[in-house]
Amino acid sequence: MPTLLLTHPDCLKHDNGGYHPERPERLRAIEEALASETFASLKREEAPVVEIAAIERLHPSRYVEAIHRALPVKGNVWLDPDTAMSPGSWNAALRAAGAAVYAVDQVMSGGVKNAFCAVRPPGHHAEPARAMGFCLFNNVAIAALHARQKHGAERVAVVDFDVHHGNGTQSAFWSDKDLFYGSTHQMPLFPGTGAAYETGVGNVFNAPLHAGDGSKRFRDAYGARILPALDAFRPDLLLISAGFDAHRDDPLAHIELDETDFAWITERLVEAAEKHAGGRIVATLEGGYNLEALSRSAAAHVGVLMRASS
Ligand SMILES: [Zn+2]
């Protein structure tokens, strides 16, 4: 079975303006890296637009309407000091969530084994009723709720190796023991959440790292805390918030990883998915702001997913 790669040109039309790090060139860099012969066997499809009902399993309809109403005719509107919308943002956001939901459909129905969604805006900071941190809708949390509602998945896990804590996903999953959230992230750093004592109903596993921590501490955090908890949770489906901003060349943080670390964690997550979830993985892009580092890291991540599929 192939690995599915989803993206859409609409995701290039979300523009945060000026010199914002979350820019369309990020997707172009990934697209270029995945254009090489190594990735020829990827099954490539355009991300569909998500149904509003799928978004509204997570986000209240008044929030979804407020985001739609905020859409500018030209220029930018700012939802918070980090998070902007441009005329193309609504369609980009519907494609980004749509990719994750469609990937769940494909993986759960057995059409593909795993999938990577190269989309923007990212999602893991979006709380049910609050846009923040470059995120409008929480793509991965929407996908998790869709897997339960439409495919009967009983336990869905999100593992988030973006260098920032996914406060939105944690908030969405906080009181639901059948949803798992595990995250490594730099602390202190935006958004400020993600302490080890934030545990939800025993379903949230945060492993904060410090600036300067490198590969070994990153891998130890997974080995000691997140992977054993994931194993005990036994997910039917594993979702990955795949942010690559813990790379040493990334301008937004200082965890000092390189692409081999992203390959390593992807291999461990493939093993967990093989053991419990029939190998079913949907990964969706979150951060990663140095274009070179982002493209190499995403390529390493997708390469591991492809080897798991072949
Ligand atoms: Zn990030």
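Mentor: Start with Asp261 and Arg219, which form a salt bridge whose closest N and O atoms are 2.9 Å apart. This pair links distant parts of the chain: Asp261 sits in helix H8 (residues 259–276), Arg219 in helix H7, and 42 residues separate them. Keep in mind that the model is predicted. How exposed are the two partners? Asp261 has 2% relative accessibility, so it counts as buried. Arg219 has a relative accessible area of 24%, which makes it partly exposed.

A search of the whole structure gives 21 salt bridges. Two further examples follow. Arg268 bridges to Glu267, with 3.8 Å between the closest N and O atoms. Glu267 is partly exposed, at 33% relative accessibility.

Then take Glu292 and Arg296. Their closest N and O atoms are 3.1 Å apart, and they form a salt bridge. Both lie in helix H9 (residues 291–309); because they are four residues apart there, about one helical turn separates them. Glu292 counts as exposed, at 52% relative accessibility. The cut-off for exposed is over 50%. Arg296 is partly exposed, with a relative accessible area of 31%. This bridge belongs to a network: salt bridges with shared partners join Asp249, Glu259, Glu292 and Arg296.

Now the rings. The structure holds nine aromatic pairs. One of them is Phe180 with Phe205: centres 5.1 Å apart, planes at 25°, so the pair is stacked. The cut-off for stacked is under 30 degrees. Phe180 lies in strand E7 (residues 179–186) and Phe205 in strand E8 (residues 204–209), so this pair ties together parts 25 residues apart in sequence.

Phe233 belongs to helix H7 (residues 215–233) and Phe180 to strand E7, so the pair ties together parts 53 residues apart in sequence. Phe233 is buried too, at 11% relative accessibility. Helix H7 is also where Arg219 sits. Elsewhere, ring pairs link Tyr63, Trp90 and Phe137 into a cluster.

Asp162 and His164 are both buried.

Last, Asn167. Its place is in helix H6 (residues 167–173). At 4% relative accessibility, Asn167 counts as buried. The Asn167 side chain makes a polar contact with the Glu127 side chain, at 2.9 Å. Leaving out residues up to four places away in sequence, Asn167 touches His124, His125, Glu127, Met132, Pro191 and Thr193.

Technical notes:
Residues are numbered from 1 along each chain as its sequence is written. This is a predicted model: local features need pLDDT of at least 70, side-chain atom pairs count only at pLDDT 80 or more; totals for chains, interfaces and linings use all residues. Side-chain values use heavy atoms; hydrogens and water are left out. Buried means under 20% relative accessible area, exposed over 50%, partly exposed in between (1.4 Å probe, protein chains only). Helices (H or I, at least four residues) and strands (E, at least two) are DSSP runs, numbered from the N terminus. A polar contact is a pair of N or O atoms within 3.5 Å; within protein, one must be able to donate a hydrogen and the other to accept it, and residues adjacent in sequence count only if both atoms are side-chain atoms. Contact means heavy atoms within 4.5 Å. Rings of Phe, Tyr and Trp (its six-membered ring) pair if their centres lie within 6.5 Å; planes under 30 degrees apart count as stacked, over 60 as edge-to-face and the rest as tilted. A salt bridge is a side-chain nitrogen of Lys or Arg within 4 Å of a carboxyl oxygen of Asp or Glu.
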